[in-house]
Amino acid sequence: QRSAADFLPPDADDLDQLRGAAAGCRGCDLYRDATQTVFGDGSPDARALLLGEQPGDREDVAGEPFVGPAGRLLDRALAEAGISRDQTYLTNAVKHFKFVPPERGKRRLHKQPSAAEVAACKPWLVAELRVVRPEVVVLLGATAGKALYGSSFRVGDRRGTVFALPEIEGIEGLAVATVHPSSVLRADDRDAAYAAFVADLAVVAEVLA
Ligand code: URA
Ligand code: SF4
């Protein structure tokens, strides 16, 4: 089974080293159509690791996570919950943008990564967790939850609650689940969805207090 593990430097203990290696990852087919690998971004000393799904169109072009519309909403919600961006390390379960082939002149539309692609990319996430050793992992949506807890994970059952990280290579810490910021942008009642999102992030702020 092909995966990111084939591209992981042995004993990597530095994010720049991991980022450099991930740039050449061909652990699944998603590297073929995407512009570039979008590795995580933030301080190795961050106390909270925020886990999204995969880079979007804007992130694919910029090479950085959460710089598009979902990222702007996330920034605003973090500030409102009292969490500063430099307390956080931002990353995604899958490091390449997956999209539906665009019609002429149309924007590329995000397509959900498969469980196999999430599994193939997981070695990068585990390596990031080993370096950052966050006190809390914020699961932004179902793909993030499934990446760490398996396919039975449901955001609705857990959002806004604090629970233990799964046992992965001796990493210990807490997790808080919430929705993906993109789902707030798509919600019928955007104000209510945004308020609920900020309330979940306030739980993270309490863990960090
Ligand atoms: N959505 C994500 O899950 N991650 C990003 O980096 C941007 C949008
Ligand atoms: Fe490698 Fe992940 Fe990109 Fe697949 S999505 S090629 S496993 S970095």
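Biologist: Which residue places a polar side-chain atom 2.6 Å from an oxygen atom of ligand 1?

Modeller: That residue is His 180, and such a pair is a polar contact, that is, a pair of N or O atoms within 3.5 Å. This is a predicted model, in which local features need pLDDT of at least 70 and side-chain atom pairs count only at pLDDT 80 or more, while totals for chains, interfaces and linings use all residues. Residues are numbered from 1 along each chain as its sequence is written, chains are lettered from A and ligands numbered from 1 in the order in which they are written, and side-chain values use heavy atoms, with hydrogens and water left out.

Biologist: How should I read a pocket, and where does ligand 1 sit?

Modeller: Rolling a probe the size of a water molecule over the atoms shows where empty space is left. On a 1 Å grid over the protein atoms alone, a cavity is a set of points where a 1.4 Å probe fits but cannot get out, a pocket is an open set with protein on both sides within 12 Å along at least five of seven lines, and lining residues have an atom within 4 Å of a point. Ligand 1 sits in the largest pocket (more than half of its atoms lie within 2 Å of the grid points), and about 730 Å³ of space lies there.

Biologist: What lines the largest pocket?

Modeller: Its lining has 28 residues, of which Ala 70, His 110, His 180, Ser 182 and Arg 186 lie nearest the centre. Two or more residues come from each of helix 2 (57–62), helix 3 (69–81), strand 5 (109–110), helix 5 (142–149) and helix 7 (181–186), and the largest share, four residues, belongs to helix 7. The lining divides into ten nonpolar, eleven polar and seven charged residues.

Biologist: What is the volume of the second largest pocket, and which element gives the most to its lining?

Modeller: The second largest pocket has a volume of about 210 Å³, and helix 4 gives the most to its lining, with four residues. Among the lining residues are Gln 112, Pro 113, Lys 122 and Ser 151, and the whole lining divides into five nonpolar, four polar and two charged.

Biologist: Where is ligand 2, and what surrounds it?

Modeller: The space taken by ligand 2 is the largest cavity, which has a volume of about 100 Å³. Around ligand 2 stand Cys 25, Gly 27, Cys 28, Tyr 31, Val 94, Lys 95, His 96, Ala 120, Cys 121 and Trp 124, a shell of seven nonpolar, two polar and one charged. The cavity itself is lined by 13 residues, with Cys 25, Gly 27, Cys 28, His 96 and Cys 121 nearest its centre.

Conventions
A residue is near a molecule or strand if one of its heavy atoms lies within 4 Å of it. Ala, Val, Leu, Ile, Met, Phe, Trp, Tyr, Cys and Pro count as nonpolar, Asp, Glu, Lys and Arg as charged, and the others, Gly among them, as polar. A polar contact is a pair of N or O atoms within 3.5 Å; within protein, one must be able to donate a hydrogen and the other to accept it, and residues adjacent in sequence count only if both atoms are side-chain atoms. Grid points are joined across faces, edges and corners, and a volume is the space filled by probe spheres set on the points.
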